[in-house]
Amino acid sequence: MFKASLMLVSALALTACGFHLRQSAALPPSMQRMHLSGGGGDLTRNLARALAGSGVTVEDAPGTGIAELNIPVANFSTDTLTVSGYARVTEYAVHYQVQFLVNDGAGQSLVPQQTINMSREFSYDASNTIGSSAQVEEIQRSLNDDMVQAILFRLQAAQKHGGTVEPAHATSSAK
């Protein structure tokens with residue numbers, strides 16, 4: 001009885017604070033069949049999975065009636081943020097920049113080229129270089145997941161704006 005009431009109170013608290021599970025994106029009809037080009041690696045794989053989860057048919061090749069999501073740029077980079085008194089790096093930032101655009105099957109623009117920049121900062125421990133390498137990989141995975149959601153939100157905005165979306169500039173930074 002106590003466990004059931006505790007779970008009920010927890011569920012009510014989560015809904016009261018505005019917490020909602022992430023839902024799939026509602027894309028416009030012109031994007032219900034889509035071919036992905038460019039990007040590569042985890043971004044393309046995760047984006048294809050997220051699109052399929054949103055009810056989009058991900059096609060292997062472009063064609064008539066198939067929108068094309070082109071990702072010409074998907075780059076990670078790192079910057080030194082702080083250096084200690086002994087000229088040792090103590091803090092880095094991992095940056096992720098992605099540019100994308102969507103055309104319909106006839107080559108007409110549905111979503112013009114847009115750029116999304118995201119970054120995360122982390123402390124560097126010179127005595128634990130293996131741990132720092134794993135930390136960078138985890139940050140890149142996290143940025144990749146966030147980037148997939150940001151792209152889906154942009155594509156979903158096309159539904160609200162009649163099928164086309166003007167470029168928006170977004171930057172995400174977290175510590």
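D42 forms a salt bridge with R45, with the closest N and O atoms 2.4 Å apart. A salt bridge here is a side-chain nitrogen of Lys or Arg within 4 Å of a carboxyl oxygen of Asp or Glu. D42 and R45 are 3 residues apart in helix α2, and therefore separated by about one helical turn. An α-helix has 3.6 residues a turn, so residues three or four places apart point the same way. D42 is partly exposed, at a relative accessible area of 39%. R45 is also partly exposed, at 45%. Throughout, buried means under 20% relative accessible area, exposed means over 50%, and partly exposed lies in between (1.4 Å probe, protein chains only).

The model is predicted: local features require pLDDT of at least 70, side-chain atom pairs count only at pLDDT 80 or more, and totals for chains, interfaces and linings use all residues. Residues are numbered from 1 along each chain as its sequence is written, and side-chain values use heavy atoms, with hydrogens and water left out.

The chain has 3 helices and 6 strands. Both are DSSP runs, numbered from the N terminus (helices H or I, at least four residues; strands E, at least two). Along the sequence the pattern reads α-β-α-β-β-β-β-α-β. Of the 175 residues, 31% count as buried. The accessible surface comes to about 10400 Å², and carbon and sulfur atoms account for 55% of that surface. These areas come from the Shrake-Rupley method with a 1.4 Å probe; for residues, only the protein chains shown count as cover. Contact means heavy atoms within 4.5 Å. Among contacts between residues at least 6 apart in sequence, 67% join residues at least 24 apart.

The salt-bridge count comes to 4. Side chains of opposite charge can pair when their charged atoms come close. One of these bridges joins the side chains of E59 and R33, at 3.0 Å from N to O. This pair links distant parts of the chain: E59 lies in strand β2 (residues 57-59) and R33 in strand β1 (residues 33-38), 26 residues apart. E59 is partly exposed, with a relative accessible area of 22%. R33 counts as partly exposed at 36%. Another bridge pairs E138 with R141, whose closest N and O atoms are 2.9 Å apart. Both residues lie in helix α3 (residues 129-160), 3 residues apart, about one turn of the helix. E138 is partly exposed at 44% relative accessibility. R141 is partly exposed at 43%.

The 13 residues of α2 should span 18 Å at 1.5 Å a residue, and the end C-alpha atoms are 19 Å apart, which agrees. The expected span is 1.5 Å times one less than the number of residues. The buried residues of α2 are L43, T44, N46, L47, A48, A50 and L51. Just after α2, G55 takes a positive phi of about 90 degrees.

Two of these buried positions are described here. T44 sits in helix α2. T44 is buried, at a relative accessible area of 17%. Leaving out residues up to four places away in sequence, T44 touches L36, G38 and G39. The C-alpha atoms of T44 and A74 are separated by 9.9 Å, and these two residues are 30 apart along the chain. N46 also has its place in helix α2 (residues 41-53). N46 is buried, with a relative accessible area of 18%. With residues up to four places away not counted, N46 touches N144, D145 and V148.

The largest nonpolar core has 34 residues. Such a core is a set of buried Ala, Val, Leu, Ile, Met, Phe, Trp, Tyr and Cys residues joined through side-chain atoms within 4.5 Å. The residues with the most contacts inside this core are M31, M34, L51, L69 and L155. The elements giving two or more residues to this core are β1, α2, β3 (67-83), β4 (89-103), β5 (109-123) and α3. The largest share, 10 residues, comes from α3. Apart from neighbours within four places in sequence, L69 is in contact with M34, H35, L36, S37, L47, L51, F100, L101, V102 and L155.
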